[in-house]
Structures are given as C-alpha cells and as structure tokens.
Amino acid sequence: MTASTANPWARRWQRFSAASVRGFHRYAHWLVGISWQRFVALSVLLLVMSALLQNIPPFSWSAWKTRCGCSGSATAGLHIQSRPVQGQSGRV
C-alpha cells in the first residue's frame, strides 16, 4: 500500500490543488492577454455591479444581528471600581 492510496484526503487535496493551479494559470494567461482599456472597462463594470448588487436580498443579508434601541446610559457589562485594589503587604 502506497502513501497516496492510504489517505484519500491527501489525494483529494492533491487534485484540488492541481485544479486550482491550472485555473490560476488560465486566469493569469487571460489577464496578460487583455488590453488596458478592456481591464479598466471591466473594473468599472465590476464596481457598478457590486454597487447595484449590495441592495439585492441575498447580498444584503447580514450575518450578525444588530441591537437597536439601546439607551445612551446602557453599559456593556464592564464595571470599573472607583477605588484602587489594596495589595497584601508582607509575603509574596
């Protein structure tokens, strides 16, 4: 039994990393081949699309809940003592 057949996760990782490298090389080859004008046009298009999509429901959902209606006097559970803590004199 070889090391590659012993661990299926290692084989999966190798296939995934090889596919990722191939995809990155394809993208890099395409990016080198386009003109600066096309690059600027695609960048502006991406900015406009992201501005439009940020208000559409799947993209506007928040992963965190925000707390509303908090009064200004509410504390976050942190209490600071007004007097200093006295240490023991003598042994350490």
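**Group meeting: aromatic pairs on a helical model**

Along the sequence, the pattern reads α-α-α-α.

Ground rules first. This is a predicted model, where local features need pLDDT of at least 70, side-chain atom pairs need 80 or more, and totals for chains, interfaces and linings use all residues. Residues are numbered from 1 along each chain as its sequence is written, and side-chain values use heavy atoms, leaving out hydrogens and water.

Now confidence. The average pLDDT (the predictor's confidence in each residue, from 0 to 100) is 80 for the protein. At least 70 is reached by 63% of the residues.

N7 caps the N-terminal end of α2. A side-chain oxygen of N7 lies 3.1 Å from the backbone nitrogen of W9. R12 lies over the face of W9, 4.6 Å from the ring centre; the rule wants NZ of Lys or CZ of Arg within 6 Å of the centre and within 35 degrees of the ring normal.

On to the rings. Phe, Tyr and Trp (its six-membered ring) pair if centres lie within 6.5 Å; planes under 30 degrees apart are stacked, over 60 edge-to-face, the rest tilted. How many aromatic pairs does that give? Three. One of them is W13 with F16, tilted, at 5.6 Å centre to centre and 40° between planes. W13 and F16 are exposed, meaning over 50% relative accessible area, with buried under 20% and partly exposed in between (1.4 Å probe, protein chains only).

W36 and F39 are edge-to-face, because their planes stand at 90° with centres 5.8 Å apart. Both lie in helix α3, residues 36-53, again three residues apart. W36 counts as exposed because its relative accessibility is 67%. F39, at 35%, is partly exposed. Why the repeated spacing of three? An α-helix has 3.6 residues a turn, so residues three or four places apart point the same way.

Last, the surface. Buried residues make up 1% of the 92. The protein exposes about 9600 Å², 63% of it from carbon and sulfur atoms, by Shrake-Rupley with a 1.4 Å probe.

Key: Helix = DSSP H or I, 4+ residues; strand = E, 2+ residues; numbered from the N terminus. Polar contact = N/O pair within 3.5 Å; in protein donor to acceptor, adjacent residues only side chain to side chain.
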